[in-house]
Amino acid sequence: MNLMLFRGVTFNERYIFAPIRINIIKMLMWGLNMKGDKSRNSGTAVRAVKAVAVGTVVGFVICMLILLLITFMLVKIQKFPETLVVPLAIFTACIGAFSGGYFSARVKKNNGLAMGAVCALVIFVLLLLISSVFAEDIFSAVSLLRMGAMLISGAIGGVLGVNKRRRRK
């Protein structure tokens with residue numbers, strides 16, 4: 001919106017608020033405060049978000065690959081007991097949460113328990129959103145069991161990821 005202040009000078013709101021938006025984006029992206037210098041905890045939040053993002057992507061991709069493999073096996077094996085479908089889905093989700101927690105803790109290099117649990121929770125929410133498209137009842141005892149198992153396995157993966165020793169060259 002342009003507003004004429006006096007002859008030849010117009011007020012445009014995007015010129016006034018653009019520096020504020022840029023500083024907020026810098027704060028979110030690089031952990032900088034408004035003056036541009038690094039604060040004490042500038043990189044920790046950004047590293048945590050990056051670690052959770054990397055762990056979530058890795059864990060979700062591993063989970064989807066295992067589910068694809070299980071689906072292929074179910075098509076090939078025609079006499080597969082239906083009672084094993086839910087435990088296999090929970091096991092697959094736990095493997096994805098474990099690997100996501102492991103990789104997020106490897107990226108963050110500390111707070112493995114929290115990083116693994118947060119990563120597992122994000123993967124659980126993603127799987128819950130995807131399952132809400134296909135199923136009517138997404139909140140059940142099985143989903144609570146899956147969430148608990150995923151949180152525990154993600155936390156274990158995070159602890160193991162932090163405590164893994166680096167190779168010496």
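Leaving aside neighbours within four places in sequence, which residues is arginine 146 in contact with? The residues are Ile90 and Ala93, where contact means heavy atoms within 4.5 Å. This is a predicted model, so local features need pLDDT of at least 70, side-chain atom pairs count only at pLDDT 80 or more, and totals for chains, interfaces and linings use all residues. Residues are numbered from 1 along each chain as its sequence is written, and side-chain values use heavy atoms, with hydrogens and water left out.

**Confidence**

- The average pLDDT of the protein is 79, on the predictor's scale of confidence in each residue, from 0 to 100.
- A score of at least 70 is reached by 73% of the residues.
- Residues 16-21 have pLDDT below 50. Beyond near neighbours in sequence, this stretch has 2 contacts in the model.
- Residues 27-37 also have pLDDT below 50. Here the model shows 16 contacts beyond near neighbours in sequence.

**Overall build**

- The protein has 5 helices and 2 strands. These are DSSP runs, numbered from the N terminus: helices are H or I with at least four residues, strands are E with at least two.
- Along the sequence the pattern reads β-β-α-α-α-α-α.
- Take the contacts between residues at least 6 apart in sequence: 69% of them join residues at least 24 apart.
- Of the 169 residues, 27% are buried. Buried means under 20% relative accessible area, exposed over 50%, and partly exposed in between (1.4 Å probe, protein chains only).
- The accessible surface is about 12200 Å². Carbon and sulfur atoms hold 70% of it. Areas come from the Shrake-Rupley method with a 1.4 Å probe; for residues, only the protein chains shown count as cover.

**Helix H2**

- Helix H2 covers residues 42-76 and includes valine 57. Threonine 56 is in helix H2 too.
- Valine 57 is exposed, at 52% relative accessible area.
- Threonine 56 counts as buried, at 8% relative accessibility.
- Threonine 56 touches Cys119, Val122, Ile123 and Leu126, residues up to four places away in sequence not counted.
- Val57, Val61, Leu65 and Leu68 make up a nonpolar surface patch. Their accessible area together is about 390 Å².
- Patch members have over 30% relative accessible area and no salt bridge; like charges are joined within 9 Å, nonpolar side chains (Val, Leu, Ile, Met, Phe, Trp, Tyr) within 5 Å. A salt bridge puts a side-chain nitrogen of Lys or Arg within 4 Å of a carboxyl oxygen of Asp or Glu.

**Glycine 101 and helix H3**

- Glycine 101 is in helix H3, residues 85-108. Its relative accessible area is 0%, so glycine 101 is buried.
- Glycine 101 touches Gly116, Cys119, Gly154, Gly157 and Gly158, not counting residues up to four places away in sequence.
- Glycine 154 lies 53 residues from glycine 101 along the chain. Their C-alpha atoms are separated by 4.7 Å.

**Arginine 146 and helix H5**

- Arginine 146 is in helix H5, residues 141-163.
- Arginine 146 is buried, with a relative accessible area of 18%.

**Cysteines**

- A disulfide is a covalent bond between the sulfur atoms of two cysteines. The cut-off used is a pair of cysteine sulfur atoms within 2.5 Å.
- A search of the whole structure finds 0 disulfides.
- For cysteine 63, the closest cysteine sulfur is in cysteine 94, at 9.3 Å, which is too far for a bond.
- Cysteine 63 is buried, at 1% relative accessible area.
- Cysteine 119 is buried, at 0%.
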